[in-house]
Amino acid sequence: MRQPGRRERLVAAQDRDGDTCLWCARPLTGTVGATTDHVVPKVKGGPSWLENEVAACRRCNSERGHRGAVDWLEECERRGWSPDAPRLERVLTSLAAAIAERGGQRRARPHLDAQLRRLRKRQPAAA
């Protein structure tokens with residue numbers, strides 16, 4: 001089965017998540033160019049699958065580099081931006097399910113599990 005190309009994955013991520021940057025919430029229109037950002041970086045074993053990609057502005061994608069998703073989420077909050085933590089959790093959960101279904105991705109699994117644990121720990125306990 002043919003994997004979709006980068007452009008196709010970007011369009012699919014925007015269709016799935018909307019036309020705002022996951023990290024800073026800027027609209028991805030006009031002068032703010034959209035890029036695909038790997039939630040689990042490729043250097044940490046993250047696959048180039050739609051389940052591992054989100055739409056992000058060039059600034060956020062470039063500045064994030066290879067940092068973990070939760071580290072960058074917290075940095076964005078420190079900068080006064082409005083990152084979308086629920087969307088990040090949905091993408092991480094979807095990636096975990098895709099890896100469980102397809103198998104492989106041995107290098108990505110520990111990083112993914114750690115990011116999900118950290119993200120869920122951040123959320124306030126239900127009252």
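A pocket here is an open set of grid points, on a 1 Å grid, with protein on both sides within 12 Å along at least five of seven lines. Lining residues have an atom within 4 Å of a point. The model is predicted.

**Exercise 1. Describe the largest pocket: its volume, its lining and the elements that supply it.**

Step 1. Start with the volume. The largest pocket holds about 230 Å³ of space.

Step 2. List the lining. It is made by 14 residues. Thr-36, Asp-37, His-38, Lys-42 and Asn-61 lie nearest the pocket centre.

Step 3. Assign elements. At least two lining residues come from each of α1 (6-17), β1 and α2 (58-64). The most come from β1, which gives 4 residues.

Step 4. The lining divides into 2 nonpolar, 6 polar and 6 charged residues.

**Exercise 2. Decide whether strand β2 is enclosed or open, and find its partner.**

Step 1. Buried means under 20% relative accessible area.

Step 2. Apply the cut-off to β2, residues 53-57. Of its 5 residues, 5 are buried, so the strand is largely enclosed by the rest of the structure.

Step 3. Check both faces. Glu-53, Ala-55 and Cys-57 point one way. Val-54 and Ala-56 point the other way. All are buried.

Step 4. Find the partner. Strand β1, residues 34-38, is joined to β2 by 5 bridges. The two strands run antiparallel.

Step 5. Ala-55 in β2 stands opposite Thr-36. Thr-36 is also one of the residues nearest the centre of the largest pocket.

**Exercise 3. Characterise the packing of helix α3 against helix α5.**

Step 1. Two packed helices are described by the angle between their axes and the distance between the axes.

Step 2. Read off the geometry. The axes of α3 (residues 69-78) and α5 (residues 108-122) come within 8 Å. They cross at roughly 35 degrees.

Step 3. Name the contact residues. Helix α3 contributes Ala-69, Val-70, Asp-71, Leu-73, Glu-74 and Glu-77. Helix α5 contributes Gln-115, Arg-118, Leu-119 and Arg-122.

Step 4. Classify the residues. The α3 and α5 contact has 4 nonpolar, 1 polar and 5 charged residues.

**Exercise 4. Compare Cys-24, Gly-33 and Ala-25 in the loop between α1 and β1.**

Step 1. Take Cys-24. Its relative accessible area is 9%, so Cys-24 is buried. Leaving aside neighbours within four places in sequence, Cys-24 is in contact with Cys-57, Arg-59, Cys-60, Trp-81 and Ser-82. Cys-57 belongs to the buried residues of β2.

Step 2. Take Gly-33. Its relative accessibility is 24%, so Gly-33 counts as partly exposed. With neighbours within four places again left aside, Gly-33 is in contact with Leu-28, Ala-56, Cys-57 and Arg-58. Gly-33 and Ala-56 are 23 residues apart in sequence. Their C-alpha atoms are 8.4 Å apart.

Step 3. Take Ala-25. At 35% relative accessibility, Ala-25 is partly exposed. Its phi is positive, about 70 degrees, although Ala-25 is not a glycine.

Technical notes: Residues numbered from 1 in each chain as written. Predicted model: local features only at pLDDT ≥ 70, side-chain atom pairs only at ≥ 80, totals over all residues. Heavy atoms only, no water. Buried < 20%, exposed > 50% of the residue type's maximum accessible area, 1.4 Å probe, protein only. Pairing = 2+ DSSP bridges. Axes fitted to C-alpha atoms, helices over the stretch in contact; angles between N-to-C directions. Contact = heavy atoms within 4.5 Å. Nonpolar A, V, L, I, M, F, W, Y, C, P; charged D, E, K, R; others polar. 1 Å grid on protein atoms, 1.4 Å probe; cavity = no way out; pocket = protein on both sides within 12 Å on 5 of 7 lines; lining within 4 Å. Points joined across faces, edges and corners; volume = space filled by probe spheres on them.
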